[in-house]
Amino acid sequence: MTRPDDPEIELLVPERDVADPELSIVVPALNEALTIGEFVDWCEEGLAKAKVRGEILIVDSSKDDTAKIALSKGARVLKTPKRGLGRAYIDALPFIRGKWVLMGDCDCTYDFREITPFVEKFRAGGEFVMGSRFRGTIDRGAMPPLHRYLGTPVTTWILNIIFGSRFSDIHCGMRGITKAGLERMGLRSQSWEYASEMVLKSVHMGLRTDEVPIHFLRDREGRLSHHKRSGWFSPWAAAWINLRAMFVYGATFFLYRPGIVRALLGFALTLPLSVGPLTLGPIVFSLHWMLVGLTLATLGLQCVYMGILAQVFFDYSGKLTKRWFRLFPYTRTVFLSALLFVTGLSLGVALVTYYVRHSYLLPIDAPINHLGVTGLLLMIAGFATFTFTLLLHSTAVAVWRRPDM
């Protein structure tokens, strides 16, 4: 069976196929002839223990006998070109029949004989179930020290800080998600970063998330992991790819709240000095402080507005989008933006008039200088708010959401 829209993909169905499965075990494979047969046996044992009707779908890009062995063991095989781990799951989605999806590796490092905890979480209403090696057991030598003590803990900590989550092992490949959740998630990552994308989007989507301890086993004798096959730089490249995904999907962390702090500090430094310098103890707050405030307020406003747009782009529920459309209705916000801009412009005109009338000179202590800086800030704030309002309401078209959603 091939897909009309992608003739490079072909589904191979075994003779003893499973009808109407509840759970789909979906696993990519690349030249795993050494372990694939035992892996399928493990999956069958795990399904029997969990008392769940399930299918095994191997997304195969191998040049060895992986597909032939898997098919003979009773697994479905989806033949695809070698296009990356993330792309394997994207390609597999139309062929998944179960309402729950369990992912992992077919190298027998994840123990698929013990899938009962995942099934129990799904039956209890879980939507995204992460395996955790650190809450389970890790065989001696199963995880390189660099990954175990630095890479995974540090990147997990960074993700939890950015998103306010409580994951213990974001790089664990053994994880489950409902098919409905996977479809809504709309995976885009083609490579290793799909793992982080799934975790990040599960937070954005507000999926009911659980963790279960798992056993992580050593590679079989004679087998090299994909990282080792790719060379010493591969783990570092994977780490950077995953960090990039975190920063992209967590843009609001770097923008929204820091922007609020900068904007408030900037306005606090600028507006009180509009009528002239202020002295607090040994410190004289003068025109130079106003320029610092102007810079902070400008940067802060831009960060706040970009942070709001990032929230809208990653808002799967629509609640945040509705909130921001309510707080920034088009007509009222454009009117207020125009009022701010005109007020600032009038102060700027007053400064230019003073400058011309005094023979193109501006005394350093003239109060009009301070009002002129305040005018600049109001003009910038008005124009920034206007352009932000245009972009915000443009998202109603760009992301197919309506203001009244």
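1. The model is a predicted one, in which local features need pLDDT of at least 70 and side-chain atom pairs count only at pLDDT 80 or more, while totals for chains, interfaces and linings use all residues. Residues are numbered from 1 along each chain as its sequence is written, and side-chain values use heavy atoms, with hydrogens and water left out.

2. Is Lys201 buried or exposed? Lys201 counts as buried, at 4% relative accessibility. The terms are set as follows: buried is under 20% relative accessible area, exposed is over 50%, and partly exposed is in between, with a 1.4 Å probe and protein chains only. Not counting residues up to four places away in sequence, Lys201 touches Met185, Gly186, Leu187, Arg188, Tyr249 and Tyr316, where contact means heavy atoms within 4.5 Å.

3. Rolling a probe the size of a water molecule over the atoms shows where empty space is left. On a 1 Å grid over the protein atoms alone, a cavity is a set of points where a 1.4 Å probe fits but cannot get out, whereas a pocket is an open set with protein on both sides within 12 Å along at least five of seven lines; lining residues have an atom within 4 Å of a point. Grid points are joined across faces, edges and corners, and a volume is the space filled by probe spheres set on the points. For the second largest pocket, this volume is about 400 Å³. His204, Thr252, Arg257, Gln311 and Leu320 are the closest to its centre among the 18 residues that line it.

4. Which helix gives the most to the lining of the second largest pocket? It is H10, with four residues. At least two residues of this lining come from each of helix H5 (145-163), helix H7 (194-205), helix H10 (251-270), helix H11 (287-313) and helix H12 (319-327). By residue type, the lining holds nine nonpolar, five polar and four charged residues. Here Ala, Val, Leu, Ile, Met, Phe, Trp, Tyr, Cys and Pro count as nonpolar, Asp, Glu, Lys and Arg as charged, and the others, Gly among them, as polar.

5. The cysteines should be read with care. A disulfide is a covalent bond between the sulfur atoms of two cysteines; the criterion applied is a pair of cysteine sulfur atoms within 2.5 Å. Zero disulfides are found in a search of the whole structure.

6. Cys108, in the loop between strand S6 (100-103) and helix H4 (116-123), has a positive phi of about 65° although it is not a glycine. Asn31 also has a positive phi, near 55°, and is a residue other than glycine. Asn31 sits in the loop between strand S3 (23-29) and helix H1 (36-50) and is partly exposed, with a relative accessible area of 33%.

7. Phe216, in strand S9 (residues 209-216), is 108 residues from Cys108 in sequence, yet their C-alpha atoms are 8.9 Å apart. Phe216 is buried, at 8% relative accessibility, and its contacts beyond four places in sequence include Thr109, Tyr110 and Arg133. Thr178, in strand S8 (residues 175-178), is 51 residues from Glu127 in sequence and 5.4 Å from it, C-alpha to C-alpha. Thr178 is buried, with a relative accessible area of 13%.
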